[in-house]
Amino acid sequence: MKIAIIGGGPAGLYFAILMKKQDPAHEITVYERNRPDDTFGFGVVFSDATLDTFERYDEPSYRRITQEFAYWDDIAIHFKGDVHRVGGNGFCGCSRRTLLLILQDRARELGVALEFEVDIDDESRFADADLIVASDGINSRIREKHVEHFAPKVDLRPNKFAWMGSTRPLDAFTFVFRDTEWGPFIAHAYQYEKGRSTWVFETDPETFERAGIASMTEQESADLMVRIFPDFLAEHGVITNRSLWRNFPMIRNTRWVKDNIVLLGDAKSTAHFSIGSGTKLAMEDAIALYESFKKKRDVPAALADFETGRREETEKTQHAADVSLVWFEHVARFWDFDPVKFSFGLMTRAKAITYDNLRLRAPEFVEQVDRLFASEVRDQGFDVDVENPAAPMFQPFRLRDMVVANRAVMSPMCMYSAKDGMPTDFHLVHYGSRAIGGPGLMFTEMVVVSPEARITHGCAGIWTDEQEAAWTRIVDFVHANSQTKICLQLGHAGRKGATKLMWDGIDRPLDEGGWEVCSASPLPYFPDSAVPRELDRAGMDEVRDDFVAAVERAERAGFDMLELHCAHGYLLASFLSPLTNKRTDEYGGSIENRLRFPLEVFEAMRAAWPATKPMSVRISATDWAEGGLTPEDSVEISRAFARAGVDLIDVSTGQTVHEARPIFGRMFQTPFADQIRNEAHVATMCVGNITSADQVNTILAAGRADLVALGRPHLVDPFFTMKASAWYGAKQYCPPQYLPGQDQIFRNAVRDRADMDDLKIRAKPKTRAELKAEAEGVKQAAE
């Protein structure tokens with residue numbers, strides 16, 4: 001096979017090496033626009049796991065790479081005069097120039113032809129090639145020539161950064177945060193060879209502008225970095241190499257393949273430098289493409305296999321990079337945090353590292369995290385142990401006069417099992433068993449305020465005396481048999497009403513037996529859904545009064561808390577979103593106008609609800625659709641509800657329009673709760689694919705939310721919280737009938753946790769830094 005590779009970076013060279021190894025008969029040529037020893041930037045970073053992969057695929061280049069690398073285990077975080085070091089990370093750094101020379105030598109050794117100083121912007125010269133690999137970088141000319149086909153999406157991030165170097169030695173991957181007269185600056189730094197370290201400097205666009213960097217020369221901006229970070233750089237200075245300040249482009253391509261052309265490396269996709277995965281992603285692209293050719297041989301089939309098989313892993317890496325870069329873009333949001341909490345948030349920003357993970361690797365650091373969290377709880381008036389604190393999940397929390405014993409919440413989840421709005425024995429068992437399981441707070445499903453407010457025939461309501469009595473029975477059982485607080489979520493389906501049960505076709509309109517639906521504007525949810533009636537003033541008054549009547553019933557029923565549902569495209573959410581609110585009166589247009597009716601309803605409810613009892617509002621923090629609500633809008637919405645007396649914002653997302661395209665993943669909605677909590681300065685509850693107590697502790701300790709709601713884990717395990725309390729050794733209330741069982745799981749958990757920790761430690765291979773240190777120790781002992 002004849003292969004032309006455009007671009008002699010790590011992706012192109014490594015693919016050439018693997019293909020030539022696999023079949024020496026392949027005729028492979030790499031074309032590079034620069035000279036062999038030209039390179040821009042300084043060092044590259046790999047994890048131990050990445051090096052393990054390189055060892056499996058090409059041992060000779062792996063051996064040479066590892067001989068050149070600088071190894072370290074620790075991440076060091078410098079913030080407000082404090083330094084926190086976290087070990088067990090297994091990183092290594094190498095000069096980018098050295099890496100390229102190693103790969104060039106290995107390619108030549110195998111018989112790959114390398115042509116340098118060849119500038120190619122048109123692949124037509126390779127008409128006789130079976131395969132053309134476009135690995136020509138971020139500014140790929142081949143991609144741009146076929147831009148309509150590849151359809152790249154380039155997200156130019158707002159922060160400014162510059163890549164520089166220094167002779168300053170470093171023994172850890174180092175983050176340094178500095179406040180200046182202009183604003184915050186960040187340094188990402190690591191050693192990549194003896195006497196050389198990489199320094200990536202980053203700041204927000206406003207700080208960049210105030211500091212006047214745009215008008216500085218390359219050397220002047222380098223000198224400024226020395227002045228900002230003098231304790232690190234004053235004696236060593238900064239080295240520049242086309243160290244221009246720029247914005248990072250997050251690149252995604254709709255298609256990666258055109259005929260026999262395939263994009264590879266940065267031409268295909270980029271990952272932000274804050275997770276150190278750019279070169280890793282490029283070289284793993286090369287491995288994946290090679291594997292596709294091993295499986296398929298035929299070029300079209302292999303390229304199709306690569307595009308489908310590699311995409312998920314690429315998107316996972318890019319998602320982690322997205323989450324990480326957003327944390328750095330909004331670092332000012334966390335600037336008032338205690339250094340311990342700040343450092344914990346930095347370590348856990350991309351979700352790969354968690355509370356339990358850090359507890360094994362850096363137990364003393366996590367002990368500091370726990371003590372800080374407990375001291376913050378004590379400052380709120382609770383008598384809690386600060387020296388031997390419970391894990392964050394098992395610290396109490398107060399909303400007005402309501403105190404929850406722990407931060408675990410059973411999320412509101414529609415059961416669609418009511419009869420004419422009446423809760424049944426199913427609901428008594430459902431809520432009762434989960435309350436006994438020990439969550440600090442439990443939400444009902446969305447309970448509707450009138451027959452017309454139902455989503456389905458199975459929705460529970462609270463508009464009749466009989467329904468009120470049924471809910472009173474449930475609340476009384478919860479209070480008599482647990483310490484769990486119970487919150488009634490009240491809502492109105494709006495245009496998403498008169499639909500089938502979830503398991504018969506979620507949000508699909510009823511074939512028969514429907515009822516009139518209403519909304520902010522006469523827009524159906526699906527094209528074949530019922531067209532809703534646009535609410536007029538009389539209709540709004542009726543809806544508001546239905547909510548107030550439900551509040552009065554909720555108080556008589558004994559609920560501890562109320563939540564107003566303003567999310568997921570239901571009636572009040574349809575007023576908030578510009579995608580569903582097209583009104584031209586005082587209830588449409590600006591965000592202030594769109595808020596007007598939801599606030600009217602909330603204020604009327606708040607006036608009817610006891611002042612000692614809390615209220616929350618559930619919002620969709622983004623519509624996941626162009627032209628819809630943004631996270632910034634949701635901060636303003638949250639502030640408005642806070643001024644009206646809300647105690648907690650329940651942060652969900654989406655479900656506003658059927659064409660929305662959410663980005664799912666672990667804890668995928670938590671960043672929105674984080675933003676609202678730390679910008680609007682109102683308590684938040686996060687929800688969304690949160691599945692473990694470890695994740696709960698991670699979220700809380702990092703200051704991303706005040707309460708954490710879990711849905712599906714509670715569906716399959718009513719005793720989720722009680723089991724977690726045993727795991728973390730935090731005794732919680734248990735009904736006397738179940739005490740023998742609680743005693744047993746507490747005894748078992750001590751052994752089970754020790755066994756699990758031991759298993760994890762044994763299963764984790766030693767990092768190369770540890771192995772190198774051991775080898776040097778043996779050598780010194782022998783000498």
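Tutor: Let us begin with a term. A residue is called buried when its relative accessible area is under 20%, exposed when it is over 50%, and partly exposed in between. Please bear in mind that this model is predicted.

Student: Is D58 buried or exposed?

Tutor: D58 has a relative accessible area of 0%, so it is buried, because that value is under 20%. Its side chain meets that of K21 in a salt bridge, with 3.4 Å from N to O. This pair links distant parts of the chain, 37 residues apart: D58 lies in the loop between α2 (48-57) and α3 (59-68), while K21 belongs to helix α1 (residues 10-22). K21 has 37% relative accessibility and therefore counts as partly exposed.

Student: What is the general idea behind such a pair?

Tutor: Side chains of opposite charge can pair when their charged atoms come close. For the rule used here, a side-chain nitrogen of Lys or Arg must be within 4 Å of a carboxyl oxygen of Asp or Glu.

Student: How many salt bridges does this rule give?

Tutor: The count comes to 53 salt bridges. One of them joins R85 and D171, whose closest N and O atoms are 3.4 Å apart. R85 sits in strand β6 (residues 82-86), and D171 is in the loop between β10 (152-166) and β11 (173-179), so the pair links distant parts of the chain, 86 residues apart. With a relative accessible area of 38%, R85 is partly exposed, whereas D171, at 55%, is exposed.

Student: Which residue meets R252 in a salt bridge?

Tutor: The partner of R252 is D322, and the N to O value is 2.5 Å. These two are 70 residues apart, with R252 in strand β14 (residues 246-253) and D322 in helix α11 (residues 299-329). R252 is partly exposed at 28% relative accessibility, and D322 is partly exposed at 21%. Salt bridges can also share partners: R537, D541, R544, D545 and E600 are joined in this way into one network.

Student: Which residues of α16 and α18 meet?

Tutor: From α16 there are D465, E468, T472 and V475, and they meet R553, R556 and A557 of α18. Sorted by class, this contact has 2 nonpolar, 1 polar and 4 charged residues.

Student: May we apply the idea of burial to a whole helix?

Tutor: Helix α25 (residues 720-727) is mostly covered, with 6 of its 8 residues buried. These are F720, T721, M722, A724, S725 and A726. After α25 comes G729, which has a positive phi, near 65°.

Student: Where is S529 found, and which residues does it touch?

Tutor: S529 is in the loop between β22 (518-519) and β23 (533-534). Leaving aside residues up to four places away in sequence, S529 touches P509 and P524. At 11% relative accessibility, S529 counts as buried.

Terms used:
Residues are numbered from 1 along each chain as its sequence is written. This is a predicted model: local features need pLDDT of at least 70, side-chain atom pairs count only at pLDDT 80 or more; totals for chains, interfaces and linings use all residues. Side-chain values use heavy atoms; hydrogens and water are left out. Helices (H or I, at least four residues) and strands (E, at least two) are DSSP runs, numbered from the N terminus. Buried means under 20% relative accessible area, exposed over 50%, partly exposed in between (1.4 Å probe, protein chains only). Contact means heavy atoms within 4.5 Å. Ala, Val, Leu, Ile, Met, Phe, Trp, Tyr, Cys and Pro count as nonpolar, Asp, Glu, Lys and Arg as charged, and the others, Gly among them, as polar.
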